[in-house]
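Please look at the sequence and the fold shown below.

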Amino acid sequence: MRVLMLSTPVPTHFTPLVPLAWALRAAGHEVLVAGQPDVLGAVASAGLNAVSVGVGFHVQDLLLGGLREGERPLETRSRAELEEMGGAGRVWTTHTRYMWQAYLDTARAFRPDLVVSDPLEFSALIVGGALGVPVAQHRWGVDPMSDTARLEARRGLQGLCDRLGLAALPDPAVLLDPCPPSLQLPEAVPGTPIRFVPFNGNGSLPDWARAGRAGRAGTRRVVVSLGGRTLDLNGVPLARRLLRAFGGLPGTEVIATVDERHRQEIGPVPDTVRMVDPVPLNLLLGDCDAIVHHGGAGTAMTATAFGLPQLVLPQIADQFAHGDRLAGAGAAITLDSAGAQNDPERLSAALGELLSGPGYSKAAGAVREEMAAMPAPSRVAADLEHLI
């Protein structure tokens with residue numbers, strides 16, 4: 001098959017699709033990724049071929065636009081408002097109006113047998129409908145947004161579909177879902193299961209991480225990974241507060257993945273805290289006892305794949321749903337208000353609770369086993385051949 005992969009212009013929207021792309025390539029299929037410049041670095045990191053379409057989208061600028069000076073989103077807006085940002089039906093419908101023609105031209109030149117996309121790239125559905133090619137859309141994790149966003153896109157793109165001779169915006173031929181069923185929202189449209197395989201970019205295992213548990217003499221290791229976007233969206237004070245709060249926990253080593261420019265802003269941290277350059281999380285989590293993160297799908301699903309208890313500090317969009325569902329499964333604690341996240345005592349107590357007993361670890365292990373039992377991307381890639 002010739003497979004064309006499309007992605008909305010956010011790198012973390014693309015990376016969950018990478019294991020399926022690898023599986024398709026390993027099965028002998030030709031894979032080409034078409035995307036705006038924003039995602040091409042992630043495509044190159046995955047070792048895949050790409051074609052650049054259009055200009056940069058710069059979603060970070062959109063998110064920064066409505067913030068008050070020095071405040072992160074959760075300090076400026078309510079959780080309800082930030083979750084609505086996650087639905088983003090209007091944003092990605094408008095994006096499709098600008099991009100569909102360029103993607104359709106690219107597809108006509110490539111002549112795909114199958115189109116694969118993330119769940120908010122509605123241009124994929126336009127391309128598939130116009131060319132009579134099946135489309136597989138791939139969720140990221142817990143999904144509170146794509147079903148309603150697709151309904152909104154169907155209304156907003158009806159005129160375009162009329163011009164193209166389509167009765168309506170087509171549904172995907174298959175909706176792939178990497179989220180373990182017990183974590184997925186019960187109201188989400190049922191999808192076809194595909195096992196989540198962590199891909200967090202490429203990188204090297206740091207020297208300090210090679211000793212393993214044997215070199216730590218019983219010290220617990222906790223990873224703090226808030227993601228680059230959280231820190232860019234005025235999240236440095238949150239990171240500083242976290243690291244100083246966790247530094248007082250006895251017998252606990254904290255590894256914080258923080259870009260160099262943000263490390264300077266954070267300033268001094270306790271001796272038990274090590275700030276390191278961002279590194280693929282799958283290289284670190286196998287030797288850790290817990291993780292603190294922002295609830296992004298890639299981070300949450302990677303931590304779930306390793307069976308780790310999680311402290312979730314959601315900031316925008318579907319991050320709240322990841323925190324809620326993991327906490328509901330007993331595998332996490334989530335603090336979803338600015339007041340809770342800004343309170344060092346609440347932060348320290350939450351992490352201490354997460355580490356203190358077997359309950360969270362046991363629940364996280366159960367979800368890990370559920371995830372491991374889902375069909376591997378190689379199996380799903382073989383199934384996709386039958387769509388042709």
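The model is predicted, so local features are reported only at pLDDT of at least 70 and side-chain atom pairs only at pLDDT 80 or more, while totals for chains, interfaces and linings use all residues. Residues are numbered from 1 along each chain as its sequence is written, and side-chain values use heavy atoms, with hydrogens and water left out.

Helices (H or I, at least four residues) and strands (E, at least two) are DSSP runs, numbered from the N terminus. Two strands pair if DSSP finds at least two bridges between them. An open sheet contains 7 strands in the order 3-2-1-4-5-6-7, with parallel pairing. At its edges are strand 3 (50-52) and strand 7 (192-193), each of which pairs on one side only. Strand 7 runs parallel to strand 6 (residues 174-177), and 2 bridges join them. Here D177 stands opposite P193.

Helix 3 (residues 37-45) lies across strand 2 (30-35) and strand 3, at about 165° to strand 3. Contact means heavy atoms within 4.5 Å. Axes are lines fitted to C-alpha atoms, for helices over the stretch in contact, and angles run from 0 to 180 degrees between N-to-C directions.

Most residues other than glycine have a negative phi. R111, not a glycine, has a positive phi of about 60°, and it lies in the loop between helix 7 (89-110) and strand 4 (114-117). A317, also not a glycine, has a positive phi of about 55°; its loop is between strand 12 (310-312) and helix 14 (319-328).

Are these residues buried or exposed? Buried means under 20% relative accessible area, exposed over 50%, and partly exposed in between (1.4 Å probe, protein chains only). R111 counts as exposed because its relative accessibility is 57%, whereas A317, at 16%, counts as buried.
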